Amino acid sequence: MGRSRRTIPEELLLLALDPATGTTAQPQSLDLGLAGAQLVELALAGRIAPDGDRIAVVMARPTGDPTLDSALELLRRRGSPVRAVHWIGGPRLGLRQIYLAHLERCGMVHAVSGQMCGVLPTTRYQATDTAISRDIRARLDSAIRTGVPPDPRTAALAALAHAVGLGKHLYPGNEGRSSRSRLRDLIRHDPMGGLVAHAVMDVQNGVAAQPRRGGQGPGAAPDNGSRHAAAAGVPMQPHHGAMARAVAHH
């Protein structure tokens, strides 16, 4: 994967970066969103594909992006498709700092050291080229304003931005209410983005930790991930093997 195109995790983080404070909005949920954004990017690169409410590796060849390839290798090691909600909700936090360091290496942001209360060391991040952030925001604004179905990348980015709660950061106040609503509605334009975004929201709502009702036998009620996959337009397919119980560490 060349560097001519920004990845969805990079764009999601740049959207969340506050140019005034150098901090990121929604830091707790942003890690989950970045994990989901990696899945969408790997799907667009043809490395993984939805398998019902699970994610299956269909091509293990590296993309050339070290952060994505790390996630791809972890998925490959699982050996069988993994539920998106379990992957995103696993102990893989810290992606925000990993991607901030990644953006710094790529020259998209630069770190500014400082102190809080004159004692505690702090690090803020400023975009090196604000035109990049404006371009990302303009794509979302255009999709919201025109109502024209966006391309899959923009649709997935919108779905993830909504899922992690960036709507109030991007479109604040009562005047931004309709824009936030339309941002949420863009989730339907990309099945993979919709599946992942719903998984991100499920993790935040504690759904990933709840036992599945009805078991795995015939007639079992579909779990939340399956319902979300169907709602997002993802074709339901048979699961291939039992999911590994161990959660991969990033």
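Let me begin with helix 6 (residues 130–146) and helix 7, which pack at an angle of about 90 degrees with their axes 10 Å apart; the axes are lines fitted to C-alpha atoms, for helices over the stretch in contact, and the angles run from 0 to 180 degrees between N-to-C directions. Helix 6 and helix 7 are therefore roughly perpendicular to each other, a label that covers 65 to 115 degrees. On the helix 6 side the contact is made by I136, R139 and L140, and on the helix 7 side by R153, T154, L157 and A158, where contact means heavy atoms within 4.5 Å.

A word on the basis of this: it is a predicted model, in which local features need pLDDT of at least 70 and side-chain atom pairs count only at pLDDT 80 or more, while totals for chains, interfaces and linings use all residues. Residues are numbered from 1 along each chain as its sequence is written, and side-chain values use heavy atoms, with hydrogens and water left out.

Staying with T154, which lies in helix 7 (residues 152–163), we find that T154 counts as buried at 1% relative accessibility, buried being under 20% relative accessible area with a 1.4 Å probe and protein chains only. Its side chain is joined to that of D151 by a polar contact of 2.8 Å, that is, a pair of N or O atoms within 3.5 Å, one able to donate a hydrogen and the other to accept it. Beyond its neighbours within four places in sequence, T154 is in contact with R139 and L140.

Which helix is largely enclosed by the rest of the structure? Helix 2 is, because 14 of its 18 residues are buried. Its residues, 27–44, should span 26 Å at 1.5 Å a residue, and the end C-alpha atoms are 25 Å apart, which agrees; the expected span is 1.5 Å times one less than the number of residues. Just after helix 2, G46 takes a positive phi of about 80 degrees.

In helix 1 (residues 8–16) we find L13, which is buried with a relative accessible area of 1%. Leaving aside neighbours within four places in sequence, L13 is in contact with T24, L30, L34, R96, Y99, L100 and L103.

Finally, for the protein as a whole, there are eleven helices and five strands, taken as DSSP runs (H or I, at least four residues, for helices; E, at least two, for strands) and numbered from the N terminus. Of its 250 residues, 44% count as buried.

Terms used:
Buried < 20%, exposed > 50% of the residue type's maximum accessible area, 1.4 Å probe, protein only. Parallel < 35°, antiparallel > 145°, perpendicular 65-115°, else oblique.
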